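The sequence and the model are shown first.

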Amino acid sequence: MKYNEISHFSHPQHTLTFDYTETPFKCDGCKEVGIGSHYRCSFCDFDLHTHCAIPSLSIHHPFYTKCSFQFFSRPPGNTPRYCNACEKDVTGFVYHCKSCGFDLHPCCAKLPMVLDDGETNLYLYRKVRAPCHKCGRKGRSWSYRSSCKKYNLHVACVREMLVENWHELYFGYGKGIKKLENRIPSLKNTLQTPHKRRKGKVKKCCEMAGLALQFVISAVLGDPTSLIAGVIGTLMS
């Protein structure tokens with residue numbers, strides 16, 4: 001087996017090879033959308049987020065200090081479950097705490113506590129009291145918040161934007177490479193701008209909001225790198 005190949009219990013017939021793509025894919029482990037670095041079987045069109053391909057048997061998360069999350073290949077029990085980070089349904093691989101009943105998608109469980117592009121820091125919070133820059137509401141799911149505390153974005157809102165914009169890609173046309181402009185969802189005019197300040201400050205805030213959105217999207221998709229954020233930023237402009 002080559003250094004960039006792995007064997008995985010969910011796809012025993014072939015090895016999976018490390019791959020990188022700027023085209024969105026649907027992870028066959030957690031059933032969520034991904035982009036960037038992942039493991040793939042080109043024979044079967046089978047893809048796994050890196051977090052799903054090489055999961056930890058158990059994890060602890062700073063937001064749930066009393067919980068121990070165990071890895072499951074399918075949601076436990078017979079009742080519908082949802083991710084406590086992004087509020088989306090859990091339909092595949094999941095980290096589950098038996099004592100508390102909390103669930104986390106693998107990519108949500110591994111969301112970086114700090115996103116740093118060298119200029120702007122975004123910090124992950126379980127809850128924030130300020131409204132989300134996308135939906136204008138408070139509370140709800142986990143949020144990324146800027147170091148100046150003037151910008152907030154729900155992880156759930158990012159998920160919703162991706163689902164809305166990629167619905168046709170996966171349910172209307174099936175898998176496959178689309179035109180470049182369709183690889184990343186069009187998110188123009190999706191951010192709320194409630195600030196009533198001088199034009200210069202409003203522009204600066206909106207520029208920061210757009211930059212923050214790029215990095216949060218890349219993190220939610222399982223590849224929180226500046227390269228992917230740059231790709232997303234180019235296609236959003």
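Two residues are in contact when heavy atoms lie within 4.5 Å. The model is predicted: local features need pLDDT of at least 70, side-chain atom pairs count only at pLDDT 80 or more, and totals for chains, interfaces and linings use all residues. Residues are numbered from 1 along each chain as its sequence is written, and side-chain values use heavy atoms, with hydrogens and water left out.

**Overall composition**

The protein chain contains five helices and 12 strands; these are DSSP runs (helices H or I, at least four residues; strands E, at least two), numbered from the N terminus. Of its 237 residues, 47% count as buried, where buried means under 20% relative accessible area, exposed over 50%, and partly exposed in between (1.4 Å probe, protein chains only). The accessible surface comes to about 12,500 Å², and 51% of this belongs to carbon and sulfur atoms; areas follow the Shrake-Rupley method with a 1.4 Å probe, and for residues only the protein chains shown count as cover. Among contacts between residues at least 6 apart in sequence, 48% join residues at least 24 apart.

**The sheet S1-S2-S3-S4**

Strands of a sheet pair through backbone hydrogen bonds, either parallel or antiparallel. Here two strands are taken to pair if DSSP finds at least two bridges between them. Four strands form an open sheet in the order S1-S2-S3-S4, with antiparallel pairing. Strand S1 (5-6) and S4 are the edge strands, each pairing on one side only. S1 is joined to strand S2 (residues 16-26) by two bridges in the antiparallel sense, and isoleucine 6 has leucine 16 in S2 as its bridge partner. Strand S3 (residues 33-41) pairs with S4 over four bridges, also antiparallel, and tyrosine 39 has leucine 48 in S4 as its bridge partner. S3 and S4 form a hairpin with four residues between them, and aspartate 45 in the turn has a positive phi of about 55°.

In strand S4 (residues 46-49), Phe46 and Leu48 point one way while Asp47 and His49 point the other, and all are buried. The C-alpha atoms of phenylalanine 46 and glycine 29 are 9.3 Å apart in space, the two residues being 17 apart in sequence.

**The sheet S5-S6-S7-S8**

A further open sheet of four strands has the order S5-S6-S7-S8, with antiparallel pairing. Strand S5 (58-61) and strand S8 (103-104) stand at the edges with a single partner strand each, so one side of each has no neighbour in the sheet. Strand S6 (residues 64-72) and strand S7 (residues 94-96) pair antiparallel over three bridges, with phenylalanine 72 opposite valine 94 in S7.

| Residue | Relative accessible area |
|---|---|
| Phenylalanine 46 | 11% |
| Asparagine 84 | 17% |
| Asparagine 152 | 3% |

Asparagine 84, found in the loop between S6 and S7, touches Tyr64, Phe102, Asp103, Leu104 and Trp142, with residues up to four places away in sequence not counted.

Asparagine 152 lies in strand S12 (residues 152-154). Its side chain makes a polar contact of 3.0 Å with the side chain of arginine 145. A polar contact is a pair of N or O atoms within 3.5 Å; within protein, one must be able to donate a hydrogen and the other to accept it, and residues adjacent in sequence count only if both atoms are side-chain atoms.
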